Amino acid sequence: MKVLVTGVSGQLGYDVAKELKRRGHKVLAPKRDSLDLLDQVGIIQYFEYNKFDAVIHCAAYTAVDKAQEEKELCSNVNVSATRVIAKQCASRDIPLLYVSTDYVFPGTGSEPYETGDRKGPLQEYGISKLAGEEMVKSLCKKYYIVRTSWVFGKNGRNFVRTVLRLADLKDRISVVDDQVGSPTYTKDLAPLLCDMIESDKYGVYHATNEGFCSFYEFACEIISQSGKSLEIKPTTTDKYNAPAKRPLNSRLSKKSLDDAGFSRLPDWHDALSRYLTELGIKENT
Ligand SMILES: NC(=O)c1ccc[n+]([C@@H]2O[C@H](COP(=O)([O-])OP(=O)(O)OC[C@H]3O[C@@H](n4cnc5c(N)ncnc54)[C@H](OP(=O)(O)O)[C@@H]3O)[C@@H](O)[C@H]2O)c1
């Protein structure tokens, strides 16, 4: 199969392109200078000049706080470009896998969200990602929408890297203990996305590493596993005062994955351990 992967210079796109190649697929993975999502005519021309059998759309505007100010830019990337890509896929009758987020949900309660539960994004980023989902659903027949959360991978900035950097700079930090969800390693998620695109099991899925924790618990585990020293104090979201609101409950149910016969990802503690090994921070055990 020949697959177009967007966002190859980001965390997930990097591992998806790598995994597809490992499986023997041909991969087109243009960087921003060859496929700028802000250039709608350019996207159409890219589809006209290149032939492929499927698209895994990992690229997105992902700066959650900045999106509150850069609403239009965020929407142009996450909604308008997704609309153009979805239209192109639909007119060629090729499948589109759109990566989405836990931030489409309002984060109330403490039960894991099912894929069809009521949406209610709390910030511009989530609003744009949900609108991207709607574009895909309304324009394509052959689509996968995969919501993930708290992503970390080799190729990018993420919470794990931030905590490790702070451990080298500070003696103590405070981390919110009331946002609960699941960390997700791109090296674990990428093979699942490839399994999906190799199947014809279209639909809406949730995919994260197994297990739930708060960001405080996640930070403590990062420090514990890395062998670094940093005092971490629990705090609450309302004291943190970030520009964009975050959902307190980011738990995602995996029922749709189970129902379709896809394997769940490994536990997040194990994923973190392998990530720290990949970064060269932890010895291979
Ligand atoms: N990160 C998370 O915690 C998280 C959580 C839930 C869901 N997700 C979703 O998962 C997917 C992958 O996230 P990620 O963490 O891998 O993202 P990331 O590391 O921030 O990478 C985003 C990618 O999008 C590209 N991009 C942004 N604007 C572009 C434009 N105008 N033209 C072309 N490319 C553009 C970036 O290119 P440049 O390198 O050139 O900027 C980069 O390659 C996204 O759909 C995201 O919404 C992420």
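**Exercise 1.** Decide whether Asp 259 is buried or exposed, and describe its salt bridge.

*Solution.* Asp 259 has a relative accessibility of 57% and therefore counts as exposed, where buried means under 20% relative accessible area, exposed over 50%, and partly exposed in between (1.4 Å probe, protein chains only). The model is predicted, with local features needing pLDDT of at least 70 and side-chain atom pairs counting only at pLDDT 80 or more, while totals for chains, interfaces and linings use all residues. Residues are numbered from 1 along each chain as its sequence is written, and side-chain values use heavy atoms, leaving out hydrogens and water. Next, Asp 259 forms a salt bridge (a side-chain nitrogen of Lys or Arg within 4 Å of a carboxyl oxygen of Asp or Glu) with Lys 255, their closest N and O atoms being 2.8 Å apart. Lys 255 is partly exposed at 45%, and both residues lie in helix H9 (residues 255-260), four residues apart, about one turn of the helix. Helices (H or I, at least four residues) and strands (E, at least two) are DSSP runs, numbered from the N terminus.

**Exercise 2.** Find which parts the salt bridge between Glu 231 and Arg 172 ties together.

*Solution.* The closest N and O atoms of Glu 231 and Arg 172 are 3.4 Å apart. Because Glu 231 lies in strand S12 (residues 231-235) and Arg 172 in strand S7 (residues 172-176), the pair ties together parts 59 residues apart in sequence. Glu 231, at 38% relative accessibility, counts as partly exposed.
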